[in-house]
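Biologist: I am new to reading aromatic rings in a model. Can you take me through them?

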Amino acid sequence: MSVEIKSTREIEAIRVSGRMAAETLMLVGSRLRAGMTTEEINRIVHDDTIRRGAIPSPLNYHGFPKSVCTSINHVVCHGIPRHDEVLRDGDIINVDVTTFHGGVHGDTSATFYIGTPSDEARKVTEAARQALALGIAQVRENARLGDIGAAIQEFAEGQGLGVVRDYTGHGIGRRFHEPPSVHHYGKRGSGIRLKAGMVFTIEPMINLGTYEVDLLADKWTVITRDRKLSAQFEHTIVVTKTGCEILTQRPGVLPNSEDLPWVQRP
Ligand code: MF3
Ligand code: CO
Ligand code: CO
């Protein structure tokens, strides 16, 4: 399957849906607190997305029953919000927001701290944040797709952390998931050559222990095989001649996080 080169108009549309997803993610981040349920997070994301005249992409996507993915502690990704799942002090939680607007999707996630993190929670979360930054830093026209995964894998494994193999970043646009698959491990100089106008996500899932994962009986929730912590950050980006543009750029710094403002390259 070939990778689309998006038109200027389509990129502008993804910039709009991506910005909406980023703003919704910031809103959720500001509301997080111990004692709240993941169903309350779902309600915030759902209502804020509809208020914007947009649709939450996860809802009914291949049967996914909610409007956002909420993945706590050893849950790697695709956690399903629940009325009976309560955030507790010391938890880490990834909130993954995808917004469909103007015929295109924008996809972004972050891992947040509930109260004060343990040293282990902080280690895996800050490594995931930096892994995404290092992956993004590889992107420019004529770089190779494998350069992204190689940079992430070298960094994470160098800290003794695991890089999830079974789930990847992805092309995005009129479809939620389209080619290419963006692996978060790999070899420098391998894979397709990146071209300006390609739009895809980078979303490394970094584990405190083994990279191996299991799928729960609900067929969505992915957990670490050793039940150790996992963290993830995600941006949607467009390749440019000199680098890339983050299409899910946030209008400020994330709350409940050690977020830093991203330096935008031209
Ligand atoms: N947002 C996820 C991703 O980054 C996909 C979630 S699919 C869902 O690709 F159905 F679980 F929502
Ligand atoms: Co994604
Ligand atoms: Co996502």
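Predicted model: local features only at pLDDT ≥ 70, side-chain atom pairs only at ≥ 80, totals over all residues.

Biologist: How many aromatic pairs are there?

Modeller: A ring pair is described by the distance of the centres and the angle of the planes. Rings of Phe, Tyr and Trp (its six-membered ring) pair if their centres lie within 6.5 Å; planes under 30 degrees apart are stacked, over 60 edge-to-face, and the rest tilted. That rule gives 2 aromatic pairs here. Tyr-61 and Phe-176 make a tilted one, at 4.7 Å between centres and 50° between planes.

Biologist: Which parts does this pair tie together?

Modeller: Strands are DSSP runs of E, at least two residues, numbered from the N terminus. Tyr-61 is in the loop between β1 (55-56) and β2 (69-72), and Phe-176 in the loop between β7 (169-171) and β8 (178-182), so parts 115 residues apart in sequence are tied together.

Biologist: And the pair of Phe-64 and Trp-220?

Modeller: Their centres are 5.0 Å apart and their planes at 85°, so this pair is edge-to-face. Phe-64 sits in the loop between β1 and β2, Trp-220 in the loop between β11 (213-215) and β12 (222-224), 156 residues apart.

Biologist: Are Phe-64 and Trp-220 buried or exposed?

Modeller: Buried means under 20% relative accessible area, exposed over 50%, partly exposed in between (1.4 Å probe, protein chains only). Both Phe-64 and Trp-220 are buried.

Note on methods
Residues numbered from 1 in each chain as written. Chains lettered and ligands numbered in written order. Heavy atoms only, no water. Helix = DSSP H or I, 4+ residues; strand = E, 2+ residues; numbered from the N terminus.
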